[in-house]
Amino acid sequence: MLALATADIWRQEVEDWATVLLATAVLVAVSLEGISAQQWVAGALSAALAFAIYLALALRGAMGGGDVKLSVVPAFLLGAANPVLGLWWVCVSMLIQHGLFLGMRRWRVAAAGGGVVPVELPHVPAMTASLIASVMIFPI
């Protein structure tokens, strides 16, 4: 996620191959961990919920399709550990993104002398920060 966040900052794009690679690594890791059928279902439901929320935001133009596809991976991982944690991750991701957006907007408006300046921010850094915070606060 850190590598994808860095790439998203520089290129403003999340590559499909990187998302597939990360998803494969997560699926192999949880398979080797030996999670239960209930955890698979919880992870899948968390991933579906994250996908639906991110898709709704993407349809409004708030983020791109790469962010929508990538949201499934951390939501599945955290949801398999605890279904509430998958939803918590989505909420914290959105709060971090919104805080960054407001801060950058305020900074750019001040730099532009009070004019309205459009702000486009990559979302993967917020997703990554939320994932790190989730694991640090709720060790899985």
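Modeller: At 14% relative accessibility, Gln97 counts as buried, since buried means under 20% relative accessible area, exposed over 50% and partly exposed in between, with a 1.4 Å probe and protein chains only. The model is predicted: local features need pLDDT of at least 70, side-chain atom pairs count only at pLDDT 80 or more, and totals for chains, interfaces and linings use all residues. Residues are numbered from 1 along each chain as its sequence is written, and side-chain values use heavy atoms, leaving out hydrogens and water.

Biologist: With which side chain does the side chain of Gln97 make a polar contact?

Modeller: Gln97 lies in helix H5 (residues 83-111); helices are DSSP runs (H or I, at least four residues), numbered from the N terminus. Not counting residues up to four places away in sequence, Gln97 touches Leu121, Pro122, His123 and Ala126, where contact means heavy atoms within 4.5 Å. A polar contact is a pair of N or O atoms within 3.5 Å, one able to donate a hydrogen and the other to accept it within protein, and residues adjacent in sequence count only if both atoms are side-chain atoms. At 3.1 Å, the partner of the Gln97 side chain is the side chain of His123.

Biologist: Is Gln12 buried, partly exposed or exposed?

Modeller: Gln12 is placed in the loop between H1 and helix H2 (16-33). Most residues other than glycine have a negative phi. Gln12, although not a glycine, has a positive phi of about 55 degrees. With 44% relative accessibility, Gln12 counts as partly exposed.

Methods: Helices (H or I, at least four residues) and strands (E, at least two) are DSSP runs, numbered from the N terminus.
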